[in-house]
Protein chains: 2
Amino acid sequence: MNDDERYMRLALDEARKALEADEVPIGAVVVAQGRVIGRGHNLTETLHDVTAHAEMQAITAAEEYLGGKYLTDCTLYVTVEPCVMCAGAIGWSQLPRIVFGASDPKRGYQTYAPRAFHPKAKVTGGVLEEECGQLVRDFFRKLKG
Amino acid sequence: MNDDERYMRLALDEARKALEADEVPIGAVVVAQGRVIGRGHNLTETLHDVTAHAEMQAITAAEEYLGGKYLTDCTLYVTVEPCVMCAGAIGWSQLPRIVFGASDPKRGYQTYAPRAFHPKAKVTGGVLEEECGQLVRDFFRKLKG
C-alpha cells in the first residue's frame with residue numbers, strides 16, 4: 001500500500017463516521033509532513049448546515065492546528081471529488097496537492113469550477129476509487145429503499 | 001430607498017464590523033419575509049480560516065435559525081460578488097435570490113463558477129455598488145500604505 005492509499009484509508013475511516021451518523025459518507029484528512037493535522041466527515045444533516053462538508057471541516061481543523069490560513073505544505077485526501085464550494089476553499093487555502101477517490105460528474109468541481117484550485121496545484125484522482133464510490137452508492141441505494 | 005438598498009445597508013454595516021477587525025470589509029445578511037435571519041462578516045484573518053467568509057457565516061446562521069439546511073424562501077445580500085466557495089454554498093442552500101453590491105472579476109463566481117447557483121436563482125448585482133466597492137478599495141489602499 002503506497003502513501004496515497006494509506007491516507008485515503010484514513011479519509012475512508014472518516015467517511016464511515018459520516019455513515020454512522022446517517023450522512024452521505026464522505027471523509028477527508030489533511031496531511032503535513034506525514035502527519036494528519038486535520039480530519040473531517042460530512043455533517044450537513046446533523047448540523048443543518050450546507051457548509052459542513054468533510055473537506056471544509058478538515059481544512060478548518062488543519063488551519064486551526066497550524067494557526068494560519070494557508071496550507072501550502074499540505075495534501076488533502078478526500079474520498080469523493082470536491083464540489084464547487086470545497087474547491088473554492090481549497091483554492092483559498094493554497095493547498096498544493098489534492099488527492100481524491102471517486103469522481104463526481106454531477107456535482108464535482110471539474111464540471112462546475114475547473115480553475116478553482118491554485119494554478120500550480122497537483123491533483124490525483126481515482127485513489128481507492130471503487131471503495132470510495134461504493135460507500136456512497138450503497139448509502140443512496142439504501143436511502144431509496 | 002428601496003428594499004434591496006435597505007438590506008444592502010445592513011450588509012454594509014456587517015462589512016464595517018470586518019473593517020474594525022482589520023479584515024477585508026465584506027458583509028452579508030440573509031433575509032426571510034422581511035426579517036434578517038442571518039448575518040456575517042469576513043473573519044478569515046481573525047479565525048485563521050479561509051472558510052470564514054461573510055456569506056458562509058450568514059448562511060450557517062440562517063440555517064441554524066431555521067433548523068434546516070435549505071434557504072428556499074430567503075434572499076442573500078452581500079456587499080461583494082460571491083467567490084467560488086461561497087457560490088457553491090449558495091447553490092447547496094438553494095437560495096432563490098442573490099443580491100450583491102460590487103463585482104469581483106478577479107475572484108468572483110461569474111468568472112470561475114458561473115453555474116454554481118440553483119438553476120432558477122435570480123441574481124441582482126450592482127446594488128449600492130459604489131459604496132460597497134469603495135470600502136474594499138480603501139482597505140487595500142491603506143494596507144499597501
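Me: Which residue lies over the face of Tyr7(A), and how far from the ring centre?

Reply: A charge sits over a ring if NZ of Lys or CZ of Arg is within 6 Å of the ring centre and within 35 degrees of the ring normal. In this predicted model, Arg6(A) lies over the face of Tyr7(A), at 4.9 Å from the ring centre. In chain B, the charged end of Arg6(B) sits over the ring of Tyr7(B), 4.9 Å from its centre. Local features need pLDDT of at least 70 and side-chain atom pairs 80 or more, whereas totals for chains, interfaces and linings use all residues; side-chain values use heavy atoms, without hydrogens and water. Residues are numbered from 1 along each chain as its sequence is written, and chains are lettered from A in the order in which they are written.

Me: What is the strand order of the open sheet in chain A?

Reply: Strands of a sheet pair through backbone hydrogen bonds, either parallel or antiparallel. Strands are DSSP runs (E, at least two residues; helices are H or I, at least four), numbered from the N terminus, and two of them pair if DSSP finds at least two bridges between them. The open sheet of chain A has five strands in the order 2-1-3-4-5, with mixed pairing. Strand 2 (35–41) and strand 5 (122–124) of chain A each have a single partner strand, so they stand at the edges with one side lacking a neighbour in the sheet. Strand 1 (residues 27–32) of chain A pairs with strand 2 of chain A in the antiparallel sense over six bridges; Gly27(A) stands opposite His41(A) in strand 2.

Me: How many aromatic pairs does a search of the whole structure find?

Reply: Rings of Phe, Tyr and Trp (its six-membered ring) pair if their centres lie within 6.5 Å; planes under 30 degrees apart are stacked, over 60 edge-to-face, the rest tilted. The search finds six pairs over all chains. One of them, Phe139(A) with Phe140(A), is edge-to-face, at 5.3 Å centre to centre and 80° between the planes. Tyr109(B) and Phe117(B) form a tilted pair, because their planes are at 35°, with centres 4.4 Å apart.

Me: Is Phe139(A) buried or exposed?

Reply: Buried means under 20% relative accessible area, exposed over 50%, partly exposed in between (1.4 Å probe, protein chains only). Phe139(A) counts as buried at 11%, while Phe140(A) is partly exposed at 36%. Tyr109(B) and Phe117(B) are both buried.
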